[in-house]
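Please open the model in your viewer and keep the sequence panel beside it. We will go from the whole chain down to single residues, one selection at a time.

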Amino acid sequence: MKYHIQVFAGLAEHMGGPMITVPTEQEAMTITELKGLLSERFPEAAAQLQSAFVAKNQVYAAPEELVSIHDEIAIIPPVSGG
């Protein structure tokens, strides 16, 4: 099974591009578990991942919400501007 995840801004630089594919044995997991899996796979992005927002099917998802391999998933780091 594979999660297909859109990645934005500085995270894309650390994770190899704007679209990543992550193989896993789990068909569903929480947002928190997904962030943990990605932090293990991309340790250079771990700090940014912890504060990033996750969207599931174009709606922001809570940390305990489940995502599956069938969902559209996007990870958006916090952005500051001046």
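How many helices and how many strands are there in the protein chain? Colour the protein chain by secondary structure and you can find three helices and seven strands, where helices (H or I, at least four residues) and strands (E, at least two) are DSSP runs, numbered from the N terminus. If you trace the protein chain from the N terminus on, the elements follow the order β-α-β-β-α-α-β-β-β-β.

Before going further, note that this is a predicted model, in which local features need pLDDT of at least 70 and side-chain atom pairs count only at pLDDT 80 or more, while totals for chains, interfaces and linings use all residues. Residues are numbered from 1 along each chain as its sequence is written, and side-chain values use heavy atoms, with hydrogens and water left out.

**The whole chain**

Select the C-alpha atoms of the protein chain, which fill a box of roughly 40 × 25 × 20 Å along the principal axes. Of the 82 residues in the protein chain, 39% count as buried; here buried means under 20% relative accessible area, exposed means over 50%, and partly exposed is in between (1.4 Å probe, protein chains only).

**The salt bridge**

Which two side chains meet in a salt bridge? Select Glu 65 and Lys 56, whose side chains form this pair at 3.5 Å, N to O; a salt bridge is a side-chain nitrogen of Lys or Arg within 4 Å of a carboxyl oxygen of Asp or Glu. A search of the whole structure finds one salt bridge. While Glu 65 is selected, look at its surface, as this residue is partly exposed, with a relative accessible area of 29%.

**Two backbone angles**

Most residues other than glycine have a negative phi. Keep this in mind as you select Ala 9, which lies in helix 1 (residues 9-15) and has a phi near 55°, a positive value in a residue other than glycine.

Then move to Gln 58, in the loop between strand 4 (53-56) and strand 5 (59-60). Is Gln 58 buried or exposed? Gln 58 is exposed, with a relative accessible area of 66%, and its phi is near 70°, again a positive value in a residue other than glycine.
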